[in-house]
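Colleague: I have a file open here and would like to go through it with you. Can you take my questions as they come?

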Amino acid sequence: MDLKDEIAKEKLKINRRHFFSKLSVGLGTVALGSLMVPDLLKRGGTGLDSEMLKAGIPNFAPKAKRVIYLFQAGAPSQLESFDYKPLLRERMGEDLPESIRNGQRLTGMTSGQDSFPLVGSFADFKQYGQNGTWVSDFFPHIGKVADEICVVNSMHTEAINHDPAITFFQTGNQISGRPSMGSWMSYGLGSENQNLPAFVVLTSRGKGNSQGLYSKLWSSGFLDSKHQGVLLRSGKDPVLYLNDPDGVSRSDKRVMLDKIADLNHKHYDEVGDEEIHSRIAQYEMAYRMQMSVPEVMDIKKEPESIIKMYGAEALIPGTYAANCLQARRLAENGVRFIQLYHQGWDQHGNLPNEMAGQAKDVDQASAALILDLKQRGMLDDTLVIWGGEFGRTNYCQGKFSPDNYGRDHHPRSFSIWMAGGGIKKGITYGQTDEFGYNIVKDPVHINDFHATLLHLMGINHEQLIYKYQGRRFRLTDVAGNVVSGLMA
Amino acid sequence: MNQNQIMGAKQNILIVGLLAFLFVAIGFVLKEKGENPESISGQSGIPDEINFNFNVKPILSDKCYACHGPDANKRKAGLRLDIESDAKAELPENPGLYAIVPNEASKSELISRIYSDDESAMMPPADSNLKLAEHEKGILKKWIDQGAKFEPHWAFVPPKKADIPKVKDESWPKNEIDDFILSTMENKGMHPADPASHEKLIRRVSLDLTGLPPTLEDLDKFVLGNSEFNFEAIVDYYLAKPSYGEQMTREWLDVARYADSHGYQDDSYRTMWPWRDWVIHAFNENMPYSQFLTWQIAGDLLPNATKEQILATGFNRNHPITQEGGVIDEEYRSTYVTDRTNTLGKGIMGITLECAKCHDHKYDPITQKDFFSMYSFFNNVNEKGLQMDAVQAKNRKYYADAPFITIDSTDLHGVLSFLNMPDTTAINVMVMDDSSHREAHVLSRGNYDAPTDLVEPSTPPAIMPFSSEYPKNRLGLARWLTNDQNPLTARVYVNRLWGMIFGQGIVKTSEDFGSQGALPTHPELLDWLAADFMEHNWDIKYMIKKIVTTATYQQSSIINPEKEKQDPQNIYLARGPRFRLGAEEIRDYVLTTSGLLNKEIGGPSVKPYQPPGLWEETNAGGNRGILTSYVPDTGDKLYRRSLYTFWKRTLPPPSMAIFDAPNRDLCEVRRQNTNTPLQALALQNDIQVLEGARVLASHITENTHEVSDAVKRLFNSILLRNPTDEEMEILSEYHEEYLTKFSENEESVDQLLSIGQYEMGSSDPTETAALMMVAQVLYNLDETITKE
């Protein structure tokens, strides 16, 4: 029996289990996980226009079982983080040569500037790890895990404004309306767990100039809304409407649910609509979520050594550090796609100061997440990604001075890093010219990035398809090549 | 592909494929004109007589057109299968061979290719990810053997009334619609359900026509009234209510992507609500659909346009507008014009025009030039793109990007007297004008900075040519849309009306009537309705009344196992509709039945309860715009219909989004109807539901002496029917348990009774809290949130 058959057999087993548990009277035992697999109770299947076209997924053995995406919203500068360009310091203040800019369109914020003075990184760079990965002094902790990560300095996109750029990254298209990456994963692979959604979202914000987030970024688009990202929030109501009102205890709730189920069953006997059984099952799942979500979110039992790894901020709900720790806990509990957003990376001005603060927010906890996953043996099958929606210009926006400057949006090259699940360790992939403006080696487009991501999860990106409005849609639309150079 | 495909001769069948984690739903509805089930040859699913539109074209379109269809740039081997003469011509790259030789499948290259195992010859090609099922091959073969007859696409032929079919049971039909429905049912060997009970029917029709449940008083009046049960009078009663206009508007707001914010990243405030008030007004005045469209598309271009007609054109300015700093204005201007074009396609024409923006349409006869000819109608608006960022706009109270009209208190005494404008400070509302003439070009790959051929305003000739008598502007476009020979406009709207009432349209894909869309389940009925609608001057209330006074509509929605098996999706309507209420309807149901509803119509949008912190956590930080933090309203503004809930695009009201409301970034014509645990949580714990339970419990407690009466009255109020003995037993027991429990637990009572802002009456706290628990159970029943 080849691998594909084996995978399929496993899947069938799982689904038989779901199938039969749904048919049995004990609907209380149906898992929330089946929220995320095709809904067998739905009358008459998924319908003519929404046919599922997933060809034998997973298409091959996955390297990664889950993703933790540490999205740095606003676009952190690659030139002060991972793309080391000493030339920019040497030629500080000189105008960007026209031959380098070479027709790149500019945003309305700098298109009116008379000159484009080059500006070198305020932060110094050092080499880390066995391969001498360059990392700026803003990110010393990440530097220390350089042997675990793969820095990509050759990312590029077409978008030059935040909304279309971040929408592109999350959904594969600049215009809103397409499903988010996490939704595609949930659609393609279903859920690994019984009590939590397959796709969750956590947000935090630094002090830097920030851009808004939009629920469309974790929307399931035209996919069934069960694949939508569920926003987990810090504070008392981590999932919207999760908490029962004061005055209603857990046992009160149990009794109430039983009464609701009793009456729903009686009504089913009368009207015969299977949708009622589905409703009863959803109420049970909701109840299970009420118990499991607070438990997963409660970090009180984490030992001090762990808190120390992530930093003291991990104890403050809603911080990036707390969310990183949370991400690990969610990963342990079988959540497929964990999407973090950290806002505040839009440094059009005051970059050295703001970026130092932003980096401080994320440096230690990001590195801690890698180490923590590793020590639990989870890094091998967890893919961790760190990065923003585009890069920043090598020239200064606004008033230029070597220690206080800003950088505008730059789509032609930027840096992200990845680690874990099937990713090469300790390498730097791709290269920009010495101005840090154009890619000279191994470009990685966002479509390529998506194709690679899906590949690591065991999915051929050309075969994860959903037909909507008569057209077959993919996360990678009509493009994308798997980047083998990134994979171990 | 691990797809096991089996033909369901009668209806969609869910197949669990062998290798499949895939649950591949291969629905194949065999429908043909003059359908005769005996002609369907069992499991093979190949009808005796092949119909091009219903059997062949869906296969060609889905599996062949991508390379052999309308898109000239992607066409392979010079073969085009969507046009008869091309399809039957000698193959340009293979002289002497023909793709299709009528009556001779064996000589047709198409057939030898689809049956070929040779990877270099087989069609569809191995690398296309497309595959023909055996029955599909069989259909194509048989079609060629029967002469390979082509027909124009069904949706591009103007609708005509066919003869009313004969039915066996002549006593059942109440009007022509029933004849069509019953005739199909009889052909399938199905029988209509019994009529619904009067209570159920009144609840159903009230929800359908007004979005609100009937009041107990109305229910009593209609059911127990001394006179005979007169359903037609009841329909008239609900159609005449102002809440009818609100309910119709609810649907139109999704089409029009209406919101109270600009969208994109800063997503700050805009003042478009007067346009929304106009829509309510227009529906309540029963403005003919043709006029309703004309005003919205071209009101400003009408001779001596009134301010009301100009206000209506706000329809085309409801799209998101970016306030992000540093955007390239022309890029976004082009995006807005595209949005208007796509909205016209999806919302009014039922065609995926957007597919032809970057290249010729792959499936429908719409070229890229056609797209930009449509685009050019909307290209002359005197808009500059971004005029002010969110911070400036906030400081200068600039809530509408030009062009706009200014509405002040003087207008409230004139043509705009329908506006509910409590604050008489003048406001600006975005509208259309054509004062900035621009040449329009085909944009290469759809890119704003890559203009190629010049185009003029025009419409796709394959749908209906643009008459030379029409002005080449939006007014001409409106004339074209509302011409009674336009094959799409009436079909698309009556199909949506049908969908609102029965849960799905006669064409399920109400957004796509093209080659890739679903086929109509009752094609002759759809055409009859469309023609009838136009004959009656596009009279919406007439059409709705026609539909709901049918015997079809008035059937009971009880599902027996046989029907469930035969027609699980209720395509043939051998029972009444049963589906979950929409997001707005659920909240409004709670407000109405609890007595909290504030019936005020129109006005600026309001901010009801919402879990705190949502806007704050995701906004762009600090002071960008005026929608950075959510402060709920107080008093009776909390209890307005959900139609008036403030709509921030980047974070739509969660109690709406959880129940499948779209985010309003784009035109939507068909909401999903899901069933999720998040919905269960919202119904259990949303303050609005809890407060409704409390207020209703308090009211009943205050006005009832006997404890058992209280439970019954509560049940009546929420379910709008009498409880069965069993139900009473379950609920009374539950109630008594909490009467006892709460008499010893003052703290819980206090906590429960403090939920929501509405002031407590003088009812007994313990009794109220116990009854509130019962009310919560009732508000969470499937029946409560379902139209049945």
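Predicted model: local features only at pLDDT ≥ 70, side-chain atom pairs only at ≥ 80, totals over all residues.

Colleague: Start with secondary structure. How many helices and strands in chain B?

Modeller: Chain B has 30 helices and eight strands. For chain A the count is twelve helices and 17 strands.

Colleague: And burial, what percentage in chain A?

Modeller: In chain A, 60% of the 488 residues count as buried. In chain B, 55% of the 788 residues do.

Colleague: What about contact range in chain A?

Modeller: Of the contacts in chain A with a separation of 6 or more, 77% are between residues 24 or more positions apart. In chain B, taking contacts between residues at least 6 apart in sequence, 67% join residues at least 24 apart.

Colleague: What is the radius of gyration of chain B?

Modeller: Chain B has 28 Å, which agrees with the value near 28 Å that a compact globule of 788 residues would have. The C-alpha trace of chain B spans about 95 × 65 × 50 Å along its principal axes.

Colleague: Which domains is chain B divided into?

Modeller: The division gives domain 1 (48–151), domain 2 (288–487), domain 3 (595–675) and domain 4 (685–787). The centres of domain 1 and domain 3 of chain B, over C-alpha atoms, are separated by 50 Å.

Colleague: Now the contact between the chains. How many residues from chain A and from chain B?

Modeller: Chain A gives 80 residues and chain B gives 85 residues. On the side of chain A that touches chain B, the elements giving two or more residues are α1 (3–23), α5 (162–171), β5 (199–205), α7 and α8 (274–297) of chain A. The largest share, ten residues, comes from α7(A). By class, that side of chain A has 26 nonpolar, 30 polar and 24 charged residues.

Colleague: How do α7 of chain A and α28 of chain B cross?

Modeller: The axes of α7 (residues 250–271) of chain A and α28 (residues 725–743) of chain B come within 11 Å and cross at roughly 175°. The two helices are therefore roughly antiparallel to each other.

Colleague: Which residues make that contact?

Modeller: From α7(A) they are A:Lys259, A:Asp262, A:Leu263 and A:Lys266, and from α28(B) they are B:Glu726, B:Glu727, B:Ile730 and B:Tyr734. By class, this contact has three nonpolar, no polar and five charged residues.

Colleague: Different topic. Is α12 of chain B mostly covered or mostly uncovered?

Modeller: Helix α12 (residues 289–298) of chain B is mostly covered, with nine of its ten residues buried. Among them are B:Phe292, B:Leu293 and B:Trp295. The buried residues of α12(B) pack against several helices of chain B, including α11 (273–284), α14 (329–349) and α18 (489–502).

Colleague: Which peptide bonds are cis?

Modeller: One of them joins B:Met123 and B:Pro124, with omega about -10°. B:Pro124 is in the loop between α4 (109–114) and α5 (134–145) of chain B. The bond from B:Ala402 to B:Pro403 is also cis, with omega near -5°, and B:Pro403 is in the loop between α16 (390–395) and β3 (404–407) of chain B.

Colleague: And phi, what value does A:Asn102 have?

Modeller: A:Asn102 has phi near 45°, a positive value in a residue other than glycine. Most residues other than glycine have a negative phi. Phi of B:Arg257 is positive as well, near 40°.

Colleague: Is B:Arg257 buried or exposed?

Modeller: B:Arg257 counts as buried, with 23 C-beta neighbours inside 10 Å, where the cut-off is 20 or more. A:Asn102 is exposed, with 10 other C-beta atoms within 10 Å.

Definitions and conventions:
Residues numbered from 1 in each chain as written. Chains lettered and ligands numbered in written order. Buried ≥ 20, exposed ≤ 12 C-beta atoms within 10 Å, placed from the backbone. Helix = DSSP H or I, 4+ residues; strand = E, 2+ residues; numbered from the N terminus. Contact = placed C-beta atoms within 7 Å. Axes fitted to C-alpha atoms, helices over the stretch in contact; angles between N-to-C directions. Parallel < 35°, antiparallel > 145°, perpendicular 65-115°, else oblique. Nonpolar A, V, L, I, M, F, W, Y, C, P; charged D, E, K, R; others polar. Rg over C-alpha atoms; globule rule 2.2 N^0.38 Å. Domains from an automatic or database assignment.
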